[in-house]
Amino acid sequence: MTLAWGSLLVVCVVSLVAGVAVCALVSFALVGLSARTPRPVGGPDDGARLALSPGAGTAVAVLCLGATLLIVGYGLYIVIA
Amino acid sequence: MDVSVIVVVVVVTALIFDFTNGFHDTANAMATSIATGALSPKVAVLVAGVLNLVGAFLSVEVARTVSSGLVDETRITPVVIFAGLVGAIVWNLLTWLLGLPSSSSHALFGGLIGASIVAAGTGAVHFGAVLSKVVVPAVISPVLAGVVALLGTYIAYRSTARADKGTITRGFRAGQIVSASMVALAHGTNDAQKTMGIITLTLITAGVLAPDSGPPFWVILAAGLAIAIGTYVGGWRIIRTLGKRVSDIETPQGFAAETASTAVILASSHLGFALSTTQVATGAIFGAGAGRRLASVRWGVAGQMAVAWILTLPAAALVGAAAAWVASTGTFGTVIVAVVGVAVAAGIYAASRRRPITADNVNEVPTPAAAAEPVAAGR
């Protein structure tokens with residue numbers, strides 16, 4: 001009996017890296033997108049300095065979503081090809 | 001029994017199994033999306049069905065594992081495979097009635113292994129391959145998916161804590177539509193393959209195909225269609241369990257769970273590991289629940305599932321073995337197995353009509369008491 005430890009390790013590492021990376025990238029993209037929304041008056045963050053300007057937020061969102069698409073697309077490409 | 005007749009019977013039985021596999025597993029892809037409202041129930045099952053069909057065409061690695069690795073194809077007959085399939089179908093229907101997300105894959109392998117042992121002895125089963133390609137991935141994959149989902153959920157909540165709530169919720173809801181679709185696609189690359197593998201194995205044992213052949217095109221198409229239709233019908237009982245009873249799922253968690261499931265399933269499909277998509281999806285949902293708040297996971301439900309998981313392979317093996325024992329007495333025995341199988345299926349269906357769960361009430365959990373004691377509720 002031979003256990004394909006190599007393949008198992010590949011599955012573990014690839015899923016861990018790709019899965020967590022996609023979650024993180026989408027989260028960051030949404031943080032960027034929410035910089036475009038003005039803070040509600042009287043809310044907990046009313047008057048707080050924005051961490052990102054709306055323009056920078058949009059740029060972050062585009063970059064992160066683009067990277068996500070690349071990861072997902074590359075994964076599908078490997079499976080199909 | 002005439003070889004061609006039994007081959008047709010086995011192919012049809014395999015497609016019936018594929019159908020039960022589909023509706024048993026709709027929940028894997030769509031439970032959290034339906035629970036969070038990202039997709040309406042009807043749209044969700046339609047998307048899942050179509051993408052399962054697409055996924056079936058993407059990869060045949062797992063089909064090869066099933067058809068040329070687990071049992072010695074030179075020593076079993078189509079009747080043995082038929083008996084194994086009956087075992088798998090009966091167990092699948094029983095767990096569906098109880099709303100338990102057990103593994104269709106393990107039911108299939110269990111049925112096949114049990115039937116092979118009775119018909120041809122323990123030597124007919126490649127236990128090494130079973131251990132390395134089925135059992136070890138079965139232990140590792142749900143934990144792996146859980147860890148990925150836990151980390152993903154944690155990062156999602158931490159990084160977006162101070163961001164605009166409306167944007168976050170809408171964003172993850174949109175993300176969930178994509179991630180759920182990816183799970184359905186991945187499901188097709190793994191689960192539709194199992195039936196393809198079984199049909200290919202049957203054709204090999206009947207001498208229609210050469211040993212070590214891959215699945216012919218009509219087999220891929222038929223298996224893909226069967227699982228797609230099954231998925232579209234929707235296993236609402238299991239969707240309710242996964243979407244509502246494991247934990248209260250919010251959109252970021254649903255997204256993280258589905259992303260984790262997709263990553264694990266696709267990677268495994270590509271390397272030919274026939275893992276249980278059900279266990280992966282369930283592990284991911286528990287991980288996502290724990291990633292937000294450990295106490296929000298209903299660990300009692302997890303306990304029930306764990307028991308069902310451990311029981312699945314041996315229980316299906318027992319049914320498969322019994323069916324093989326009866327079927328081995330000849331044509332009459334095979335007919336008896338078929339009749340009993342149909343009777344059991346009809347009985348389970350009749351029982352399910354007493355308290356039907358449909359697209360309309362899938363998100364309603366009756367009372368906390370009933371949710372805490374689902375099996376004891378006399379279904």
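B:Ala88 sits in helix α4 of chain B, which covers residues 78–97. Helices here are DSSP runs of H or I with at least four residues, strands are runs of E with at least two, and both are numbered from the N terminus. The model is predicted, so local features need pLDDT of at least 70 and side-chain atom pairs count only at pLDDT 80 or more, while totals for chains, interfaces and linings use all residues. Residues are numbered from 1 along each chain as its sequence is written, chains are lettered from A and ligands numbered from 1 in the order in which they are written, and side-chain values use heavy atoms, with hydrogens and water left out.

Stay with B:Ala88 for a moment. Its relative accessible area is 0%, so B:Ala88 is buried. Buried means under 20% relative accessible area, exposed means over 50%, and partly exposed is in between, with a 1.4 Å probe and protein chains only. What does B:Ala88 contact, leaving aside its neighbours within four places in sequence? The partners are B:Phe17, B:Ala107 and B:Leu108. Contact means heavy atoms within 4.5 Å. B:Leu100 is 12 residues from B:Ala88 along the chain, and their C-alpha atoms are separated by 15 Å.

Helix α7 of chain B, residues 165–205, holds B:Thr202. B:Thr202 is buried too, at a relative accessible area of 0%. Beyond the neighbours within four places in sequence, B:Thr202 is in contact with B:Val10, B:Pro78 and B:Ile81.

A salt bridge is a side-chain nitrogen of Lys or Arg within 4 Å of a carboxyl oxygen of Asp or Glu. Side chains of opposite charge can pair when their charged atoms come close. B:Asp191 is buried at 0% relative accessibility. B:Lys194 is buried as well, with a relative accessible area of 0%.

How many salt bridges does a search of the whole structure find? The total over all chains is two. One of them joins B:Arg292 to B:Glu250, with the closest N and O atoms 3.1 Å apart. B:Arg292 lies in helix α11 of chain B and B:Glu250 in the loop between α9 and α10, so the pair ties together parts that are 42 residues apart in sequence. Here the setting is partly exposed: B:Arg292 has a relative accessible area of 26%, and B:Glu250 is at 34% relative accessibility.

Now look at helix α9 of chain B, residues 236–245. Nine of its 10 residues are buried, so helix α9 is largely enclosed by the rest of the structure. Among the buried residues of α9(B) are B:Trp236, B:Ile238, B:Ile239 and B:Leu242, and also B:Arg237, B:Arg240 and B:Arg245.

Move on to the loop between α10 (251–270) and α11 (277–292) of chain B, where B:Ser276 is found. B:Ser276 is buried, at 1% relative accessibility. Its side chain makes a polar contact with the side chain of B:Ser103, at 3.1 Å. A polar contact is a pair of N or O atoms within 3.5 Å; within protein, one must be able to donate a hydrogen and the other to accept it, and residues adjacent in sequence count only if both atoms are side-chain atoms. Apart from neighbours within four places in sequence, B:Ser276 is in contact with B:Ser103, B:Ser105 and B:His106.

Next comes the meeting of the two chains. Chain A gives 32 residues to the contact and chain B gives 36. The area buried between them is about 2,900 Å², and carbon and sulfur atoms give 83% of it. Buried area is the accessible area (1.4 Å probe) that two parts lose on being put together, summed over both. In chain A, A:Cys23, A:Leu30 and A:Val79 lose the most area to chain B, together 19% of what that side buries. Between chain A and chain B there are zero salt bridges. One residue pair is in polar contact across the interface, both at pLDDT 80 or more. On the chain A side, α1 (5–34) and α2 (54–80) are the elements that give two or more residues. The largest share, 20 residues, comes from α1(A).

The whole structure has zero disulfides over all chains. A disulfide is a pair of cysteine sulfur atoms within 2.5 Å. The sulfur of A:Cys23 has its closest cysteine sulfur in A:Cys64, 13 Å away, too far for a bond. A:Cys23 is buried, with a relative accessible area of 1%. A:Cys64 also counts as buried, at 10% relative accessibility.
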